[in-house]
Amino acid sequence: MHHCLRTDEILREIFQCIESRPTLCALAKTCRMFYDPAMDQIWETLTAIEPAVLERLSSATSVTNSTGSYPALLHPLSGDDRDTIQRLSSRVRRLHINLRIILPRFDETDVSPQWVYQLASLKDSSLLFPNLHVLSLEVESYPNQNPSRDVDTRIFQAIIRLFHLLVGPHLSALRFEVPNSIYPHLNISSIPLLCPNIRTLSLGELDLYCEKPPISDEIMCGFCEAVSQLRHLETVRSYLTSWDLLSSLAEAKGLRKLWMFLPPKLGPVPTRPHDNTFPQLRTLDICTRSLTLCLEFLRWASLKEVTGIYIYCPRPTDDGDPLKTLVDVSSRISLQCKKLEFLWIFFNPGADHHETPTAWPLRMLKPYQDFHQLRVIALQTGHSVELVDHDLEGMVAAWPHLEIFHLFPDGIMDPPVRLTLRAVTALLYHCPKLKRFTLLFDATRVRRRSLPSFRGDLVQNTSVEYMGVYTSPVSRCVNVGRYLSKLMPCLELVGVFGTFFPRWSRVCARHQRKPKPWFYEYEKTYPVFDYDNDGDAGHGTEWLWTCRRNVM
């Protein structure tokens, strides 16, 4: 064996690049030198206590019900089981616990949460995940059922006890999504004392249509107090929102990334604490049902250092003229965020009877003509794109560093098409770094053997990997495939929606690279913002911390 492979640090660096658990298991069995680094990598992230841990315990019993068979802890832990739990859990750095607490049906036994009782009964916290860095606790309670107070109280007390066993100064990331009835017992205000090194915090669960009862003012005060005392906070994802909480976050000097849900109503806007709120904020992600409230927040906050903004607003509830409000939001962003590099807006007003403005969305994007540093521009609305070729050409010339550009209507099955392949050619001419784009354009008229050129220069962009065409019409002739082969020789995927999918499939077959036609998928259009993967698993679906743009 080479000397390098006898160095533990080198082995750990290599094994971190391996995603396949079977491969890591095989490496662990290869030799004694590989065993520890491979096993640490296998157990570093644990997405469930059962069956990974339970099936290795002698106290576990196999239980069968309508959903299948699984191991359950129905008896107290033995001494050997405690040693096993300590040995295995000491390797875990990231833990996700998902509890679905339901009542038993008919003659079934309520055994699914029994392991919670046993683990919560441990007296020594050092026996249970002592090296944990990331904790995600999700509790789903009684869907469509009336809760039993006895079961409710017992399991909730066990969950609270387990929570306090797991939290400690070793945690750097914490997420909890629990029923409102648990929050008063978690002693939220004590979190800064228990976990002073928290850098990533996720609070609550998304309630887009505000169907659940609101969090009490007392609990919100606890969150505000906790946030104000977490000195190392860098990333916050909050489904619980109040002006007091936003004021506390605005004072967090190290906060760099903020995802928040703005409900339709939030009360009167308070006075801004001072002109230097959110001093280090770089990424702002807003999910809301009210563009008006979003505009109020943008006017209230100071966002001088922000480089990335994402706004997701499906079916706003309180906007009389949503397009005008959207233009105002865009204008406010351009006035505040002079360092902006990412701009992403998803907006669907539903049944909006306002007439689409001429050359939409030229008025909305025009304020960014001086933002030559922009790398991502995406606008997805419920209105058709009324731009013509020279409108688009004039805009994109100002953004030479664009890597992602998406401009298309949402939810319109047969939108009018104003752009042509000339607009696509101009886009790729002015934006040589472009990797992904979506445009609605007419590809039915392409002359035989024509070459992609703009202003007399031959255009060829080797960076583009994905092209979204949405419902773009296309002809049956071979000229389109040849034209796109010259224009984008490295194209890999084409996103199509609607009746022209067969024709675009033939175009892909005639392209020299044979890109794969995809029935239009939203996730292909979403950009990746600069979320650090420091244990908060910003893009990991296993933690359910993925931003909405990546999961729609």
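## Helix H10 and its surroundings

In this predicted model, helix H9 (217-229), strand S8 (235-238), strand S9 (257-262) and helix H11 (291-300) are the elements against which the buried residues of helix H10 pack. Helix H10 spans residues 243-250, and because seven of its eight residues are buried, the rest of the structure largely encloses it. The buried positions of H10 are Trp243, Leu245, Leu246, Ser247, Ser248, Leu249 and Ala250.

The structure contains zero disulfides. Cys294 takes part in no disulfide, and the nearest cysteine sulfur to its own, that of Cys313, lies 7.4 Å away. The cut-off for a disulfide is a pair of cysteine sulfur atoms within 2.5 Å.

How accessible is Cys294, buried or exposed? Cys294 has a relative accessibility of 0% and therefore counts as buried. Cys313 is likewise buried, its relative accessible area being 0%.

## Val327 in helix H12

Val327 belongs to helix H12, which covers residues 322-336. With a relative accessible area of 9%, Val327 is buried, since the threshold for burial is under 20%.

Which residues does Val327 contact once its neighbours within four places in sequence are left aside? The contacts of Val327 are then with Trp360, Arg363 and Met364. A further relation across the sequence involves Leu365: the C-alpha atoms of Val327 and Leu365 are 8.6 Å apart, although 38 residues separate the two along the chain.

## The crossing of helices H1 and H3

Helix H1 (residues 8-15) and helix H3 (residues 32-43) have axes that come within 9 Å of each other and cross at roughly 40 degrees. H1 is therefore oblique to H3, because an angle under 35 degrees would be needed to count as roughly parallel, and 65 to 115 degrees to count as roughly perpendicular. The handedness of the H1 and H3 crossing is right-handed.

On the H1 side, the contact is formed by Asp8, Leu11, Arg12 and Phe15. On the H3 side, the contributing residues are Met33, Phe34, Asp36, Pro37, Ala38, Asp40 and Gln41. By residue class, the contact of H1 with H3 comprises six nonpolar, one polar and four charged residues.

Notes: Residues numbered from 1 in each chain as written. Predicted model: local features only at pLDDT ≥ 70, side-chain atom pairs only at ≥ 80, totals over all residues. Heavy atoms only, no water. Buried < 20%, exposed > 50% of the residue type's maximum accessible area, 1.4 Å probe, protein only. Helix = DSSP H or I, 4+ residues; strand = E, 2+ residues; numbered from the N terminus. Contact = heavy atoms within 4.5 Å. Axes fitted to C-alpha atoms, helices over the stretch in contact; angles between N-to-C directions. Parallel < 35°, antiparallel > 145°, perpendicular 65-115°, else oblique. Left-handed = near helix turned anticlockwise from the far one by under 90°. Nonpolar A, V, L, I, M, F, W, Y, C, P; charged D, E, K, R; others polar.
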